[in-house]
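Subject: Structure handover and notes

Hello,

Please find the structure below, followed by notes on what was found in it.

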Amino acid sequence: MITTDPIADFLTRIRNAIKARHRVVDIPASNVKKELTALLYDKGYIASYKFEEEGPQGNIKIALKYNPQTKKSAIVNLTRVSKPGLRKYVKSTELPRVLNGLGIAIISTSKGIITDKEARTLNVGGEVLCYVY
């Protein structure tokens, strides 16, 4: 299936899996999606992930993270910011803060795909891909 916005498709698959209370979600792989997955794992939003190299492009298996007592997901909201029809670029001085620092903004910079906090320390701007909290 060809999508015009693979990052929005990635976020929507995770969002739908959380609403359906799935433990694992399969997503077609790409290099950007692999970096996003690794970033979500490093920041504690997903439990684990595995890259499978089968077929022409491979798959990403993501194990979603839930609180055992309340059964709530670690991810409350995923919001796509920069879209193919309207890109959103920011300077290093205008980097967004999500929920006053409780969430993360994922930024595509010349240093790679990083969070807003890392972009502030590196003093780089870029394209705001999405907000996660």
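A polar contact here is a pair of N or O atoms within 3.5 Å; within protein, one must be able to donate a hydrogen and the other to accept it, and residues adjacent in sequence count only if both atoms are side-chain atoms. The model is predicted, so local features need pLDDT of at least 70 and side-chain atom pairs count only at pLDDT 80 or more, while totals for chains, interfaces and linings use all residues. Residues are numbered from 1 along each chain as its sequence is written, and side-chain values use heavy atoms, with hydrogens and water left out.

A polar atom of the Arg21 side chain lies 2.8 Å from the backbone oxygen of Lys71. Arg21 sits in the loop between helix H1 (6-19) and strand S1 (24-28); helices (H or I, at least four residues) and strands (E, at least two) are DSSP runs, numbered from the N terminus. Lys71 is in the loop between S3 and strand S4 (78-80), and has a positive phi of about 60° although it is not a glycine. Beyond its neighbours within four places in sequence, Arg21 is in contact (heavy atoms within 4.5 Å) with Tyr66, Lys71 and Lys72.

H1 gives the most to the lining, with 3 residues.

Cores

A nonpolar core is a set of buried Ala, Val, Leu, Ile, Met, Phe, Trp, Tyr and Cys residues joined through side-chain atoms within 4.5 Å. Buried means under 20% relative accessible area, exposed over 50%, and partly exposed in between (1.4 Å probe, protein chains only). The largest core has 26 residues, and those with the most contacts inside it are Ile14, Ile62, Leu64, Ile106 and Val132. Two or more residues come from each of H1, S1, helix H2 (31-42), strand S3 (59-64), strand S6 (104-109) and strand S8 (126-132). H1 gives the most, with 6 residues. Apart from this core lies another, of 10 residues, among them Val81, Leu95, Ile107 and Ile114.

Thr37 lies in helix H2 and is buried, with a relative accessible area of 0%. Not counting residues up to four places away in sequence, Thr37 touches Phe10, Ile46, Tyr49, Ile60 and Ile62.

Two further residues

Glu127 is in strand S8 and counts as buried, at 12% relative accessibility. The Glu127 side chain makes polar contacts with the side chains of Ser82 (2.7 Å) and Arg87 (3.0 Å). Leaving out residues up to four places away in sequence, Glu127 touches Ser82, Arg87, Lys88, Tyr89, Ile106, Ile107 and Ser108.

Asn100 is in the loop between strand S5 (89-90) and S6. Asn100 has a positive phi of about 55° although it is not a glycine, and is exposed, with a relative accessible area of 66%.

Regards
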